[in-house]
Amino acid sequence: MTDDESVEYYTLLCDDPSHEVVLVDCGPRQTDVTLALRKLTGLSLWYSRVLARQAPVIVLEGLGDYEAQSAVSMLRNAGAEAEWRQEPEPGERTAPSP
């Protein structure tokens with residue numbers, strides 16, 4: 001590259017930040033929640049059951065607004081307590097408090 005050439009850099013901003021789906025509590029209908037998790041994540045039945053028992057846990061990451069809301073709706077219909085939230089920017093995650 002010569003001195004006459006100029007280089008321009010652009011930062012691309014996404015209009016829709018990514019979201020994550022958090023399973024807060026499995027609730028009394030563990031079997032229904034396990035089946036919903038299996039459908040959402042594509043995991044085996046055994047891994048879906050393990051995931052349901054680990055609540056509170058992040059189930060899905062990197063989703064758009066609509067996909068996150070749909071996933072939370074499916075989990076809530078199965079009897080779970082779930083929420084969706086915007087993923088923090090890289091480097092913003094904090095260590096869990098003891």
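Tutor: Of the 98 residues of the protein chain, 27% count as buried, where buried means under 20% relative accessible area, exposed over 50%, and partly exposed in between, with a 1.4 Å probe and protein chains only. The model is a predicted one, in which local features need pLDDT of at least 70 and side-chain atom pairs count only at pLDDT 80 or more, while totals for chains, interfaces and linings use all residues. Residues are numbered from 1 along each chain as its sequence is written, and side-chain values use heavy atoms, with hydrogens and water left out.

The protein chain has three helices and three strands, and along the sequence these follow the pattern β-α-α-β-α-β. Helices (H or I, at least four residues) and strands (E, at least two) are DSSP runs, numbered from the N terminus.

The part to look at is strand 1, residues 19-25. Five of its seven residues are buried, so strand 1 is largely enclosed by the rest of the structure. Strand 1 pairs with strand 3 (residues 81-86) in the antiparallel sense, over six bridges; two strands count as paired if DSSP finds at least two bridges between them. In this pairing Asp25 stands opposite Glu81 of strand 3. Strand 1 also runs antiparallel to strand 2 (residues 57-63), to which four bridges join it. There, Val21 stands opposite Leu60 in strand 2.

Among contacts (heavy atoms within 4.5 Å) between residues at least 6 apart in sequence, 71% join residues at least 24 apart. A separate C-alpha distance concerns Gly27 and Arg53: they are 26 residues apart along the chain, and their C-alpha atoms are separated by 9.9 Å. Arg53 lies in helix 2 and is exposed, with a relative accessible area of 56%.

The protein chain exposes about 7300 Å², of which carbon and sulfur atoms supply 51%; accessible areas come from the Shrake-Rupley method with a 1.4 Å probe, and for residues only the protein chains shown count as cover. Leu43, Trp46 and Tyr47 make a nonpolar surface patch of about 340 Å². Leu43 is found in the loop between helix 1 (30-41) and helix 2 (45-53), and is partly exposed at a relative accessible area of 34%. Patches are made of residues with over 30% relative accessible area and no salt bridge, with like charges joined within 9 Å and nonpolar side chains (Val, Leu, Ile, Met, Phe, Trp, Tyr) within 5 Å. A salt bridge is a side-chain nitrogen of Lys or Arg within 4 Å of a carboxyl oxygen of Asp or Glu.
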